[in-house]
There are 2 protein chains.
Amino acid sequence: MPPLYLVRVDVSKRAFNFCAGPAALPEAVLQRAQAELLDWQGKGLSVMEMSHRSDEYVAIAEKAEQDLRDLLSIPNNYKVLFLQGGASQQFAEIPLNLLPENGVADYVDTGIWSKKSIDEASRFGRVNVAASAKGYDYFAIPGQNEWQLSKDAAYLHYASNETIGGLQFDWIPEVGDVPLVVDMSSDILSRSLDVSRFGLIYAGAQKNIGPSGLVVVIVREDLLGRARASCPTMLNYKIAADNGSMYNTPATFSWYLSGLVFEWLKEQGGVAAMERLNKAKKDLLYGAIDKSDFYTNPISINARSWMNVPFRLADERLDKPFLAGADARGLLNLKGHRSVGGMRASIYNAVGLDAVEALVAYMAEFEKEHG
Amino acid sequence: MPPLYLVRVDVSKRAFNFCAGPAALPEAVLQRAQAELLDWQGKGLSVMEMSHRSDEYVAIAEKAEQDLRDLLSIPNNYKVLFLQGGASQQFAEIPLNLLPENGVADYVDTGIWSKKSIDEASRFGRVNVAASAKGYDYFAIPGQNEWQLSKDAAYLHYASNETIGGLQFDWIPEVGDVPLVVDMSSDILSRSLDVSRFGLIYAGAQKNIGPSGLVVVIVREDLLGRARASCPTMLNYKIAADNGSMYNTPATFSWYLSGLVFEWLKEQGGVAAMERLNKAKKDLLYGAIDKSDFYTNPISINARSWMNVPFRLADERLDKPFLAGADARGLLNLKGHRSVGGMRASIYNAVGLDAVEALVAYMAEFEKEHG
């Protein structure tokens, strides 16, 4: 490794990245992280090299939390936790913290991720699948009039956006006093949100927040302290909350970088501005798909995801040339999930309108040539 | 955030960082990470923005594992896992994976970290504290002739180095066929190691490996598949091993950066070279302490840590001026752990001999002035 005292960043070489996650990050955030990677604010060391208990790092961590609170107007009676293990670990943490041994939890099945959460919760207690999109081939979300809720559910769990299927709730379930628990890994911060409707919101960072290896949990305080005796200490929300997410060493760099993303989001105009931008992006992309006879998206209009847009070409033998042409133009990671096939464009906050414009232009060009 | 197209790194401004963790990283590693932070090898995106299932990232992850295998000569019948949650989560994962409900595990208590592992394991089964350094005020490690081993222990657990107390094993326990499980968070890769003596080795990354938010587990294959039914999927070693540590999205950037550290270690001459360097560093520092009447370290000679050197000044009212003077000279994070007081210099692999020389020179200077 030869020393590099001068680093030239040729921004023109940055690709348009439609990866489902770990996903594109704002360029300004990466530039800032790069500039201070060896020497944070003249302190002579990297954020990665700081004690998590140092004044400097605690200030970084607290600012990140405050900026997230500002962005989502998180009420004071909610704790914000910065944890590890991703959403998949939350699939166990949620029942271990919120489902009594003899209780029941309601779950809604809208695709691969919510099914995973159901499978894991079922290992720890009784799960009632209150509704499933299976009857609609996972192309639509059953209306709440079709749901079979339990009488005394400890909570109701759903995924607000299914990253693989491209299915998103554009409404919030009404479950009275039952705590609403939501996996928002792929659409948190992408449009406006009334946090007070929820008992617990969780989101793996690697889509709309920051690098992988971090999961953010926003939990109403009255839900803390209910963990089972068998819950590992590190999976206990109350212990995490009581220790400011520093019961042990947290993922300090991921937390810091997420803080830079929150700062960037505020500079962009916050969640309202993101909502306008994301609406423009998805309108452009679905519009291009719908006006074409060559591209299709199967999801019912009101359940179409703003974040993950799966689409198919008229002939799947054209998938390979489509992807090769996209790669050559710097339009990366458009291949659909292996369980679904076809294409998928993930257009999270950090994917600009210019990226979607470039994609739509390429789609038109490709259709002209092969359609 | 103004765009920064040119980043000047003034290496002379880097401090000497004696932090216990997250700890100093090799400068060459940070420079490499900085250079490719926005554009990894001309691919137009950051490692942080890559799918963990992409060919590029899988190659990064596999190279990191192979380099670690090379550095420690890890036998083929061991799996190497890159997990989340730190050593503290391992305190639960180990009994959940290795301790049968009716079994017993032997633990050795040599300080704060091994006591934490004992407390957590006790929540999941029967723990026999086979030996404790308490009788020696945690200044010495009881010889194995004093240990009270169980007849049929599922495993024996110890911490090879106590970061806070500054107490380190310079020998490996002999426990026959009982799997030896060791917390090597703070001394892995610091000197030569016979992996084949162990059933399981684990280490939080943030001392000798890489950034926090990653824990490396090296586990013998025959110990996989013993997890309890109540073990969360994400905490199950066999599931992690069967999925190449990618059951869900791993901490991709921390894994990548750890890979850069492994590459750097190989360039330095591997673990043997680190052992020579670390011996020179600790000899210099303990030598300075021992020849002085002003500084003291209480640990018995053969149990002194090569990695964490706690020391006291003759008068604790001098602690503050000592730390202020150190800070002014760019000698950072020398304050001892709050539970112990005094000073502590953590001198992991990435802390060079020049850092220890600068510290020893300052100590002599301070003693001259205040001794």
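Colleague: How much area is buried between chain B and chain A?
Modeller: In this predicted model, 77 residues of chain B are in contact with 77 residues of chain A. Carbon and sulfur atoms give 58% of the area buried between the two chains. The total buried area is about 6400 Å².

Colleague: Which helix of chain B gives the largest share of the side that touches chain A?
Modeller: Across the interface of chain B and chain A there are 30 residue pairs in polar contact, both at pLDDT 80 or more. On the side of chain B, β1 (6–8), α1, α3 (86–98) and α6 (252–268) each supply at least two residues. The largest share, nine residues, comes from α1(B).

Colleague: By class, how many residues of the side of chain B that touches chain A are nonpolar?
Modeller: That side has 14 charged residues and 22 polar ones. The nonpolar class has 41.

Colleague: Which residue forms a salt bridge with A:R14?
Modeller: The interface of chain B and chain A holds two salt bridges. In the one that involves A:R14, the closest N and O atoms are 2.7 Å apart, and the partner is B:E49.

Colleague: Is A:E49 buried or exposed?
Modeller: A:E49 is placed in the loop between α1 (27–35) and α2 of chain A. Beyond its sequence neighbours up to four places away, A:E49 touches residues of chain B, including B:R14, B:N17, B:P22 and B:L30. The relative accessibility of A:E49 is 1%, and the limit for a buried residue is under 20%, so A:E49 is buried.

Colleague: Which residue has its backbone nitrogen 2.7 Å from a polar atom of the side chain of A:E49?
Modeller: The residues of chain B that A:E49 touches include B:A23, B:A24 and B:L25. The backbone nitrogen at 2.7 Å from the side chain of A:E49 belongs to B:L25.

Colleague: With which side chain does the side chain of B:T249 make a polar contact?
Modeller: B:T249 sits in the loop between α5 (237–242) and α6 of chain B, and with a relative accessible area of 13% it is buried. Leaving aside neighbours within four places in sequence, B:T249 is in contact with A:P22, A:Q206, A:S212, B:H52 and B:Q84. The polar contact, at 3.3 Å, is with the side chain of A:Q206.

Colleague: What is the relative accessibility of B:G44?
Modeller: B:G44 belongs to the loop between α1 (27–35) and α2 (55–72) of chain B. Apart from neighbours within four places in sequence, its contacts are A:K13, A:R14, A:A15, B:L38 and B:D39. B:G44 counts as buried, because its relative accessibility is 3%.

Colleague: Which peptide bond of chain B is cis, with omega near -10 degrees?
Modeller: In chain A, the peptide bond from A:G21 to A:P22 is cis, with omega near -10 degrees, and A:P22 is in the loop between β2 (16–17) and α1 of chain A. In chain B, B:P22 lies in the loop between β2 (16–17) and α1 of chain B. The cis bond of chain B runs from B:G21 to B:P22.

Colleague: Is B:S73 buried or exposed?
Modeller: B:S73 lies in the loop between α2 and β3 (78–83) of chain B, and its phi is near 45 degrees, a positive value in a residue other than glycine. Its relative accessible area is 56%, and the limit for an exposed residue is over 50%, so B:S73 is exposed.

Colleague: What is the relative accessible area of A:S245?
Modeller: A:S245 is in the loop between α5 (237–242) and α6 of chain A. Phi of A:S245 is near 60 degrees, a positive value in a residue other than glycine. A:S245 is buried, with a relative accessible area of 7%.

Colleague: How many residue pairs are in polar contact between domain 1 and domain 2 of chain A?
Modeller: Chain A is divided into domain 1 (31–267) and domain 2 (270–370). The area buried between these domains is about 2000 Å². The count of salt bridges between them is zero, while the count of residue pairs in polar contact, both at pLDDT 80 or more, is 12.

Note on methods:
Residues numbered from 1 in each chain as written. Chains lettered and ligands numbered in written order. Predicted model: local features only at pLDDT ≥ 70, side-chain atom pairs only at ≥ 80, totals over all residues. Heavy atoms only, no water. Domains from an automatic or database assignment. Buried area = accessible area lost by both parts, 1.4 Å probe. Salt bridge = Lys/Arg side-chain N within 4 Å of Asp/Glu carboxyl O. Polar contact = N/O pair within 3.5 Å; in protein donor to acceptor, adjacent residues only side chain to side chain. Helix = DSSP H or I, 4+ residues; strand = E, 2+ residues; numbered from the N terminus. Buried < 20%, exposed > 50% of the residue type's maximum accessible area, 1.4 Å probe, protein only. Contact = heavy atoms within 4.5 Å. Nonpolar A, V, L, I, M, F, W, Y, C, P; charged D, E, K, R; others polar.
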